[in-house]
Amino acid sequence: EVVYDPGNERIYQILTYVENNTPRLANNVRVKLKTPKGIRLSSGHDSILLPRMEPNETKQILWSIKADGKAFGSAQIVLEVTGDDLTNNSLKHSVRIVGPPVLRGKFSSLKGGAWHGEPLKFETTVDNTGGSTAFGVWADIELGPGARLAKGDNSRKYLADLAPGEKTSVHWWILP
């Protein structure tokens with residue numbers, strides 16, 4: 001899973017092992033990483049040339065990738081290996097590109113009518129409609145003139161983490 005979140009850019013590492021499992025010297029071994037739409041290299045080149053690989057020699061190549069927000073959903077990353085007098089080889093790996101968290105709030109209305117000096121409950125529901133988890137979610141309320149929080153209440157409430165499709169409620173006690 002590769003997450004696109006412009007506010008919290010994540011870099012993912014792909015470690016590849018290339019082995020010459022032939023009994024002869026391999027020359028001009030080219031290793032190419034093909035990324036799908038929605039994923040790009042964060043640094044380096046998509047192709048590496050290994051001029052010479054001894055029989056049974058193994059090389060490691062580290063690639064750094066990130067989602068770029070241009071596509072979401074299921075995709076495949078492909079690794080291709082070619083070389084002089086070698087049979088071409090490739091490996092496909094499925095990956096899911098998910099979008100950022102998207103938080104939406106739905107607010108209740110304060111009920112009017114006869115007020116008897118008791119705090120009024122103001123409630124909101126926060127819903128993550130995005131493709132990935134929102135970490136460390138807080139809800140803040142700003143009250144205008146003519147309203148204040150009841151004694152002991154706090155304008156900022158910690159809601160924890162919200163997974164995709166998850167919702168939670170939070171409330172404040174308000175005095176007009």
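Among contacts in the chain between residues at least 6 apart in sequence, what percentage join residues at least 24 apart? The figure is 67% of those contacts, where a contact means heavy atoms within 4.5 Å.

## Basis of the description

This is a predicted model, in which local features need pLDDT of at least 70 and side-chain atom pairs count only at pLDDT 80 or more, while totals for chains, interfaces and linings use all residues. Residues are numbered from 1 along each chain as its sequence is written, and side-chain values use heavy atoms, with hydrogens and water left out.

## Overall form

The secondary structure of the chain consists of 14 strands and 0 helices, and along the sequence it reads β-β-β-β-β-β-β-β-β-β-β-β-β-β; helices (H or I, at least four residues) and strands (E, at least two) are DSSP runs, numbered from the N terminus. The chain is more spread out than a compact globule, because its radius of gyration of 27 Å is well over the 16 Å that the globule rule gives for 176 residues. That radius is taken over C-alpha atoms, and the rule itself is 2.2 Å times the number of residues to the power 0.38. Along its principal axes, the C-alpha trace spans about 90 × 25 × 20 Å.

## Surface and charge

Of the 176 residues, 32% count as buried, a class that means under 20% relative accessible area, with exposed meaning over 50% and partly exposed lying in between (1.4 Å probe, protein chains only). The accessible surface of the chain comes to about 11,200 Å², and 49% of this belongs to carbon and sulfur atoms; the areas come from the Shrake-Rupley method with a 1.4 Å probe, and for residues only the protein chains shown count as cover.

The chain carries 22 positive and 19 negative side chains, and the centres of these two sets lie 5 Å apart. Lys and Arg count as positive and Asp and Glu as negative, whereas His and the chain ends are not counted; the place of a charge is taken as NZ of Lys, CZ of Arg, CG of Asp or CD of Glu.

## The five-stranded sheet

An open sheet with mixed pairing is formed by 5 strands in the order β1-β8-β7-β3-β5, two strands being paired if DSSP finds at least two bridges between them. Strands β1 (2-3) and β5 (47-53) stand at the edges, each with a single partner strand, so one side of each is left without a neighbour in the sheet.

Strand β3 (residues 26-34) pairs with β7 (residues 73-84) in the antiparallel sense over 6 bridges; in β7, Val 78 is the bridge partner of Lys 34, and Glu 80 stands opposite Lys 32. Strands β3 and β5 also run antiparallel and are joined by 6 bridges, with Met 53 in β5 as the bridge partner of Ala 26.

## Individual residues

Arg 52 lies in strand β5 and, leaving aside residues up to four places away in sequence, touches Leu 25, Ala 26, Asn 27, Glu 57 and Lys 59. Between Arg 52 and Arg 40 there are 12 residues of sequence separation and a C-alpha to C-alpha distance of 28 Å.

Two asparagines have positive phi values. Asn 28, found in strand β3, has a phi of about 50° and is partly exposed, with a relative accessible area of 36%. Asn 56 is placed in the loop between β5 and β6 (58-67); its phi is near 65°, and Asn 56 is exposed, with a relative accessible area of 57%.
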